[in-house]
Amino acid sequence: MKLRHAAAYRYKTLAPFLAAVIVFSIIQYIFTKPYREVTEIDAWLSIIKGIFFFVFGIMSFKKPYKYLLQNGYQNAGIYESFLLSLPSTLVVSAIINVACYLIKSQNDYFTLIFADDNEGLAVSDMKIFLVYKIIVCTSVFALSMIAGYLFAMIFYRLDKKVMTFLMILACAAAIAVLVLFTYFGSDTGLISSYFTPAFTMLIIPLAVLLASLGYFLSERISLERSRS
Amino acid sequence: MGIEIKNITKKYGKKTALDSVSLEFEKGKIYGLLGRNGAGKSTLLNIIDGRSTGFDGEIYIDGEKHSNKDRLYFEDIFLISEDNLYPPDMSINEIFKDTKKFRKSFDAEKANAMLEKFGLKAKSRIKELSTGGNTAFKNIIGLCINTPYVFFDEPTLGLDAVNREVFYRLLLERYSETDGTFILTTHLISEISNIIEKLVIIDKGKIILNDDCINVLENSFCISGDKTLLCELTEDKNVISKQYFGNSASYYVIGSEIPHSTVTGLEIKKLTLQELFIKLTEDEGRETL
């Protein structure tokens, strides 16, 4: 019951974010071509969306943290309320994201991408395909958002110099990934090839495992630092 | 039963904020937790409330170990911290409604009635409030929550004299209605000496005084006069500070009954709480207890 109250408060802070998701999706709608072709713009928009959810994960920690702390929630309660608020937030975002593709779709487009992506699913089963796309989006958004939350949580606890070094390292890694996808991935559909059903099903448990490990790691770091 | 703290040590890097602090906060008392800037007052309160982790030692709340309490939500204590943790865009009314959801014991009606006493309006947003306004609305929440332990960290920050009097009066009214424990930290020591029952002074992470306020003040005095005479008179007493003026001196004594001024040439006066605090915590001329 207490976690529900905390999650309900988190939803209040979501309104500006959901507005931003709609804006992003509209931008994607404008630039997406009506037939199957993974372009550089698609790749950049996908990466930008990932970064956007990462930043939102950071804001999900920073903004509600103090308020929930003031009202008696412990660190574990604050984190679990975040996890509780995730599913509905991300599913709504994913639905908005996929809906923009739907609006712009033409039969040829969906038939083509459905044939590419389904890998064993019935070609005519459009509903399953749409659900699958929503799951993919939700999973990717979840991974980005949880990573952002943990980043903020660890930054909050770790020595600032150490964190600055890690940020520089992370930026360098991100730039390397961007270069990889931009110059070596877009033509061969490298980005889309990762979003196979098998890989998608791994993302959710992977995200939860990463989140849990990250949380316990940050608690352990905090304890060790105080005892040193 | 109260709050029992055993050997709490808290470090921030190389700095020791609290050094083997042990004390008890009894139920149904008003405590004054006094200390200079950076002494460790807020750190101690944050640790008891569970906001600060990574410390050594144990805390027991009403006989139950702190770490065995609900790790998600802690409702035995309500801490009004010096920092404003409320979202700046929210209005006072919205915060009261949320607080009612988070804390069932919060009396929102009473809180709304108190706003007028501090000159606040329910629709005001937190970012629109002055420093004193922020302090006042946070104090109102603390006064209207019925939890066993309520901590006020700097409840007078930015409050004008009138609002401070209002707060003290409401606090005493609240205290008389419940059997709760209230802990106040403040730098306006002279004002709270008539309010607090128990006095805890913390300095550089250590507890240097923990006693009944009346008891402490009854047994604290300043004796001035010829320094040779003073030395003889205070040989077996706990002198915490000395000041010299040529052949004369002033000795500040604690923990002894005030002597009768039978010796001519000596002036004896009782210490106020503020004087006592200054002499105990000043860096020059300080004697350890």
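Student: What makes the secondary structure of chain A a matter of helices or strands?
Tutor: Chain A has 9 helices and 0 strands, where helices are DSSP runs of H or I with at least four residues, strands are runs of E with at least two, and both are numbered from the N terminus. Read from the N terminus, the elements of chain A therefore follow the order α-α-α-α-α-α-α-α-α. This is a predicted model, in which local features need pLDDT of at least 70, side-chain atom pairs count only at pLDDT 80 or more, and totals for chains, interfaces and linings use all residues. Residues are numbered from 1 along each chain as its sequence is written, while chains are lettered from A and ligands numbered from 1 in the order in which they are written.

Student: How do you know what confidence the predictor has in chain A?
Tutor: The pLDDT, which is the predictor's confidence in each residue on a scale from 0 to 100, averages 67 in chain A, and 47% of the residues score at least 70. Over residues 119–123 of chain A the pLDDT stays under 50, and the model has 7 contacts beyond four places in sequence for them; a contact means that the C-beta atoms of two residues, placed from the backbone, lie within 7 Å. Residues 186–198 of chain A also stay under 50, with 21 contacts beyond four places in sequence.

Student: What share of the residues in chain A and in chain B is called buried?
Tutor: A residue is buried if 20 or more other C-beta atoms lie within 10 Å of its own, exposed if 12 or fewer, and partly exposed in between, with C-beta atoms placed from the backbone. Buried residues make up 27% of the 228 residues in chain A, and 39% of the 289 residues in chain B.

Student: Why is Tyr252(B) called buried?
Tutor: Tyr252(B) has 25 C-beta neighbours inside 10 Å, and therefore counts as buried. Tyr252(B) belongs to strand 13 (residues 248–254) of chain B, and, leaving out residues up to four places away in sequence, its contacts include Val239(B), Leu271(B) and Lys279(B). Between Tyr252(B) and Val239(B) there are 5.6 Å from C-alpha to C-alpha, although they are 13 residues apart in sequence.

Student: What makes strand 6 and strand 10 of chain B edge strands?
Tutor: Strand 6 (77–80) and strand 10 of chain B each pair on one side only, where two strands pair if DSSP finds at least two bridges between them. They belong to an open sheet of 6 strands in chain B, with the order 6-7-8-3-9-10 and mixed pairing. The twist averages 15° from one strand to the next, given that axes are lines fitted to C-alpha atoms, for helices over the stretch in contact, and angles run from 0 to 180 degrees between N-to-C directions.

Student: How many bridges join strand 4 to strand 5 of chain B?
Tutor: Strand 4 (residues 56–61) of chain B is joined to strand 5 of chain B by 2 bridges, and the two run antiparallel; the bridge partner of Ile61(B) in strand 5 is Glu64(B). The open sheet in question has 4 strands in the order 2-1-4-5, with antiparallel pairing.

Student: What makes domain 1 and domain 2 of chain B separate entries?
Tutor: Domain bounds come from an automatic or database domain assignment, which for chain B gives domain 1 (3–213) and domain 2 (219–281). Their C-alpha centres lie 35 Å apart, and the contact takes 9 residues from domain 1 of chain B and 6 residues from domain 2 of chain B.

Student: How many residues put chain B in contact with chain A?
Tutor: In chain B 21 residues are in contact with 20 residues of chain A. Helix 2 of chain B gives the largest share of the side of chain B that touches chain A, 4 residues.
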